[in-house]
Amino acid sequence: VYPLGHVSGALSPFRVDVLDADDRYELFAELPGFHKDEITVSYDEDKYLRIRAERPEEETEAHFLCRERRTGTFERSFEIDDLDDSQVSVSYENGVLHVVLPRKKEDPNKKVFTIQ
């Protein structure tokens, strides 16, 4: 069982490492060359964490001999069902986005019944 759904970066627009710690998940996404205002991290009611980065096309009269840097929108999404979304923290430094995703704590009032 994968708590973040099946995570595969083989054909993804950017690479992500996912760390499974006891009380949290941590994501590290490689997004070099982006400004932090070009990156959006969101979590919706469908329980999907979305990382979206957008590099706009530069308007220029220049004639490129080689152009390898891609422009446009790049997005990854991860299904997370046990996230405490009130405690998420996001930082971006040296081209790496770091997202800390605390897990929901067990409900102490939750009753578990033994099967007879």
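In what order do the three strands of the open sheet lie?

1. The order is 3-4-5, and the pairing is antiparallel. Strands here are DSSP runs of E with at least two residues, numbered from the N terminus, and two strands pair if DSSP finds at least two bridges between them. Strand 3 and strand 5 (72-79) are the edge strands, each pairing on one side only. Neighbouring strands of this sheet are turned by 15° against each other on average, direction ignored; the axes are lines fitted to C-alpha atoms, with angles from 0 to 180 degrees between N-to-C directions.

2. The model is predicted: local features need pLDDT of at least 70, side-chain atom pairs count only at pLDDT 80 or more, and totals for chains, interfaces and linings use all residues. Residues are numbered from 1 along each chain as its sequence is written, and side-chain values use heavy atoms, with hydrogens and water left out.

3. Five bridges join strand 3 (residues 39-43) to strand 4 (residues 48-55) in the antiparallel sense. Thr40 has Arg52 as its bridge partner in strand 4, and Ser42 stands opposite Arg50. Four residues lie between the strands of this hairpin, in which Lys47 takes a positive phi near 70°.
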